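The sequence and the structure are shown first, and the description follows.

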Amino acid sequence: MSSNASRRTLNLLDVQLSYLEWHRGEEPVLLLHGMADHAGVWQSLGEYLSDRYHVLAPDLRGHGDSSKPAAGYQSSDIIRDLAALMDAVGWPSAHVVAHSWSAKVAALWATRQPQRFRSLVLIDPFFIDRIPVWLTPTFPLLYRVLPFLKMMGPFESYQQAEHQARQLKQYRGWSELQQSVFQNALELKSDGRWGSKFVIQARDEIFADVMQVAGLTVPIDVPTLFVQPEKGLNRTNWQLQPYKTYLKSLNIVQVPGNHWCFLVEPEAFNQAIATFLDTFNPKSKI
């Protein structure tokens, strides 16, 4: 899938942060992918917003083309990277759009530094509360049963990896966009096999840290959009209750598709995000 984005690199003290940039507009938008994904999942949305927004989509550390240090994947490490990226491009604040795991990181960030947020978009967050300590021994089981983590590999061939990908929800339909996302998530390893650019140490530390921290603990006044896919993770009132309790300026919008609605139903998803963001943008065409 062709893209008008530029690929750039920010050199920080302990990592190189690779990111995509669309820069025809001025209003700042930061797009954060979920665990085991990469910045390329935002190709469609980035293009859709690019005429009136300045859009950045980083590969979070441990993912995509960014560095993979041996350790340092706590929420505080991710937040520090993102704040440094915003500082590097001269953004005191931005609209932050975050999916799944990174939606929880964004919620934590908003509790600590609300001044950095013009608005917040949470796309089908993964378990905003803390996971009880007694469930920690089940993490290795989660690694085996969560379907999207099966793409970590290893695979004996590219064809075997593609066959596995076609079984997963985020690639249902196998569109040009989905094929591009799949291709850019994969790399040839030194042993001749194929696997994800997402690394094991990031997987392990993300589960150990973020999944045991409550994402919402204090009221947040940041204008927030909760994107609820028709076949997503958050379908019941009890799952939505923490957001209704702590997010004091909350809108909920339902969209078609599953947890990866931006890949399986990008047109409806893009419109929902743009409709929300355009309320804050004086140069909006809508």
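Ala36 is found in the loop between S3 and H1; helices (H or I, at least four residues) and strands (E, at least two) are DSSP runs, numbered from the N terminus. The model is a predicted one, in which local features need pLDDT of at least 70 and side-chain atom pairs count only at pLDDT 80 or more, while totals for chains, interfaces and linings use all residues. Residues are numbered from 1 along each chain as its sequence is written, and side-chain values use heavy atoms, with hydrogens and water left out.

The phi of Ala36 is near 75°, a positive value in a residue other than glycine. At 15% relative accessibility Ala36 counts as buried; buried means under 20% relative accessible area, exposed over 50%, and partly exposed in between (1.4 Å probe, protein chains only). Phe127, in the loop between S6 and H4, is not a glycine either and has a positive phi of about 50°. Phe127 is partly exposed, with a relative accessible area of 36%. Most residues other than glycine have a negative phi, and most peptide bonds are trans.

## A cis peptide bond

Gly153 and Pro154 are joined by a cis peptide bond, with omega of about 5°. Pro154 lies in the loop between helix H4 (139-145) and H5.

## The sheet

An open sheet of 8 strands has mixed pairing and the order S1-S2-S4-S3-S5-S6-S9-S10. Two strands pair if DSSP finds at least two bridges between them. Strand S1 (6-11) and strand S10 (250-258) are the edge strands, each pairing on one side only. On average, neighbouring strands of this sheet are turned by 25° against each other, direction ignored; axes are lines fitted to C-alpha atoms, for helices over the stretch in contact, and angles run from 0 to 180 degrees between N-to-C directions.

Strand S5 (residues 94-99) and strand S6 (residues 117-123) run parallel and are joined by 6 bridges. His99 has Ile123 as its bridge partner in S6. Helix H3 (residues 101-112) packs on the sheet, where it touches strand S3 (27-32), S5 and S6, and its direction makes about 145° with that of S5.

## The nonpolar core

The largest nonpolar core has 89 residues, and those with the most contacts inside it are Leu30, Trp42, Trp101, Ile123, Val227, Phe262 and Phe269. H3 gives the largest share of this core, 8 residues. Such a core is a set of buried Ala, Val, Leu, Ile, Met, Phe, Trp, Tyr and Cys residues joined through side-chain atoms within 4.5 Å.

Leaving aside neighbours within four places in sequence, Ile123 is in contact (heavy atoms within 4.5 Å) with residues including Trp42, Val97, His99, Ala103, Val227 and Phe269.

## Helix H6 and Ser196

In helix H6 (residues 176-185), the buried residues include Leu177, Val181, Phe182 and Ala185. The buried residues of H6 pack against several elements, among them helix H1 (43-49), strand S7 (186-188), S8 and helix H10 (266-278).

Ser196 lies in strand S8 (residues 194-196) and is buried, with a relative accessible area of 6%. Its contacts, apart from neighbours within four places in sequence, are Met151, Met152, Ala185, Leu186, Glu187 and Lys189. The side chain of Ser196 also reaches the backbone nitrogen of Phe198 at 2.9 Å.

## Salt bridges

The count comes to 16 salt bridges, each being a side-chain nitrogen of Lys or Arg within 4 Å of a carboxyl oxygen of Asp or Glu. One of them joins the side chains of Asp59 and Arg7 (2.9 Å, N to O). Asp59 lies in the loop between strand S4 (53-58) and helix H2 (75-88) and Arg7 in strand S1, so this pair ties together parts that are 52 residues apart in sequence. Asp59 counts as buried at 1% relative accessibility, whereas Arg7 counts as partly exposed at 41%. Arg7, Asp59, Asp65 and Lys197 are linked in a network of salt bridges.

Glu27 forms a salt bridge with Arg118, with the closest N and O atoms 3.2 Å apart. Because Glu27 lies in strand S3 and Arg118 in strand S6, the pair ties together parts that are 91 residues apart in sequence. A salt bridge also links Arg61 and Asp81, whose closest N and O atoms are 2.7 Å apart; both residues are buried.

Note on methods
A polar contact is a pair of N or O atoms within 3.5 Å; within protein, one must be able to donate a hydrogen and the other to accept it, and residues adjacent in sequence count only if both atoms are side-chain atoms.
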